[in-house]
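Here is a short briefing for a first look at this structure.

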Amino acid sequence: MTDRTPQRLKTLATRSASTVALAIALAFPAHADVPAPVDQPYPGTIVLNVDATNLSQQIFRMHMTIPVKPGPLTLLYPQWLPANHGPNGPITQLAGLKFTANGKPVEWTRDPVQVFAFHVTVPEGATTLEAEYQYLSPLDTSQGRITMTDDILGVQWPSVTLYPAGYVARRITVQPNLKLPAGWKYASALETQDRQGDDVHFKPHDLETLIDSPLFAGRYAKTFDLDPGGKVPVRLNVFADTPESLDAKPEQIAAHRALVQQAYKLFGSYHYNHYDFLFALSDEFGGIGREHHQSSENGVKPGYFTDWAKSEAGRDLLPHEYTHSWDGKFRRPAGQNVPNFNTPLQNELLWVYEGQTQYWGNVLAARSGLVSAAGARDALAATAARYDNVAGRAWRAVQDTVNDPILNARRPLGWANWQCSEDYYSEGQLIWLDVDTRIRELSGDKRSLNDFARAFYGIKDGSFLPEFYTFEDVVAALNKVQPYDWATFLRSKLDGHGPGAPLDGLARAGWKLVYTDTPTDLIKGADDRNKVTDLSYSLGFTVTADGGIRSVIWDGVGFRAGLAANSTIVAVNNRGYKADLLKKAIREAKDGKPIELLVKKGNVLRTVSLDYRGGLRYPRLERIPGTKDRLDGIYSALK
């Protein structure tokens, strides 16, 4: 008998390998790679139709016609959104995706690695591919920001758009159309071709411009000309839940017009063909502040005009987003120079993009009269105090926080004071205050950050093609304004660990951060709007109206007593919780009386004793005697 064991083992191994290969093939179908973007024009114009009339269910319905040729095609859903600074395209709300060609279905497969990519094979003889799909606008804030209500809607084109892979975004042409609810008004930086009833047809735009040009529409709307007789239009387009919210007084509009003029005087240029503020005043439409090159999305609660005296703390929103037309959209960090919306962004210079914009937004708010000088100082005090008490600085430098839009995407944090968040915004503001006052001091107050703004952002007046920059470009521009070792200075602030916030600029401006037992109007207003009691600088936490503990300061009084932001204060010194009762207990503790809290966490009740004798503490600014008041010069309107 012949021994065939080796041959049999070889045959079994071959069959086994074939079986495994077949299993793998079935589990992971073959797929085409996602084509890399190439700087070439996409052949033909894509037509995108958006139906935004389903207000009751908050569903956008899309039909897209794409010129194609037979063979493999990959379509992308935008993932990396510039103004979001991260891979936050709302792909989970894309639904119902179907393709057809020549009236017959065309199947699609999602790329298993780049999951925002869809592969199709265009059949022979087809010259167009039809796509139908929906964008399911969030029904509840737990699902995301509300973008459609019974009275206001916002079309963010990345949410409703697919585009072909293999092309640079600016070389893809799209002709968008929109069906509005009956009789609604709209505003956008997009150029309108015509409107027929409630059907709006826009002119063809390159994909980059389309994605960067959102639209607001609403039942109640009013537009204000912010630069009458100017070279290019600047408009404030207001949408509201009720017509009463649109009632703006002449002096209020005058302050917004002053904002435009102060920006022109600061930068000495403009970089848009027109600019449209999209501004929603609503309890239901999601709040927002998002920059675009020729427009901005802004959303606040009603009362912006009608409760003007109470809304000062929020009136730096429009100046901030408007500044972005220069800082962030015209001048952009080199890491933001990407070919399409599915290429990762690099955020290392967000402390310029957002930090300096935060600085100018607050300064322009004061210079225009949207915010009083006292209000601007109070806001600066609140910022200085918050970041002077960030415990997380001990382990995490502000430079690292530029990664937070990618790492966290603004999800709630349990220990924000320790974990840190997007600190490059407001700590960046404090760094740029330091730069401004340092230039002023070194030059004998002959030069300032105003000169940097004009030299850096004011180039190529009238052009809106982006100009990219590096860290070295920023340093070189600062040195042209005022020679100094700016590279070392900036790196020490960005990469250092304190202790405390960078408050040298505040002192150089002639002011210091102090704490008193009386809150500023800004803090009182913020507490009223947010329905909280902010005790961050005394007990080390914030309390909601019903006693919920929030925003616990790491290693603060409450932290050391074992409190966390998942507990509720039931009683203070054996009496049912009230904010005034807790404040009274804090005041009386200075005389040695205890602060005892009955705290509930889940189903567990326990008594917590707080060892604190410092009284109520609220931040404000105080003049440093014998010093020059440079804040007055910074906040004063330019002539």
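L246 sits in the loop between β18 (234-240) and α4. Helices (H or I, at least four residues) and strands (E, at least two) are DSSP runs, numbered from the N terminus. This is a predicted model: local features need pLDDT of at least 70, side-chain atom pairs count only at pLDDT 80 or more, and totals for chains, interfaces and linings use all residues. Residues are numbered from 1 along each chain as its sequence is written, and side-chain values use heavy atoms, with hydrogens and water left out.

**Around L246**
- L246 is buried, with a relative accessible area of 5%. Buried means under 20% relative accessible area, exposed over 50%, partly exposed in between (1.4 Å probe, protein chains only).
- Leaving aside neighbours within four places in sequence, L246 is in contact with Y220, A221, K222, F224, V238, F239 and A240. Contact means heavy atoms within 4.5 Å.
- L246 and G303 are 57 residues apart in sequence, and their C-alpha atoms are 9.1 Å apart in space.

**Around Q399**
- Q399 is placed in the loop between α8 (373-388) and α9 (404-407).
- Q399 is buried too, because its relative accessible area is 16%.
- Beyond neighbours within four places in sequence, Q399 is in contact with E348, W351, R491, L494 and D495.

**Nonpolar cores**
- The largest nonpolar core has 86 residues, and L236, Y322, L478 and L490 touch the most other members. Such a core is a set of buried Ala, Val, Leu, Ile, Met, Phe, Trp, Tyr and Cys residues joined through side-chain atoms within 4.5 Å.
- Helix α4 (residues 250-267) gives the most to this core, with eight residues.
- Apart from this core lies another, of 56 residues, including V50, L76, L162 and A169.
- L490 touches W351, I431, V435, F471, V475 and L478, not counting residues up to four places away in sequence.

**The whole protein**
- The protein has 19 helices and 32 strands.
- Its C-alpha atoms fill a box of roughly 100 × 80 × 55 Å, taken along the principal axes.
- Of the 639 residues, 53% are buried.
- Among contacts between residues at least 6 apart in sequence, 72% join residues at least 24 apart.
- There are 70 positive and 71 negative side chains, and the centres of the two sets lie 3 Å apart. Lys and Arg count as positive and Asp and Glu as negative; His and the chain ends are not counted. Each charge is placed at NZ of Lys, CZ of Arg, CG of Asp or CD of Glu.
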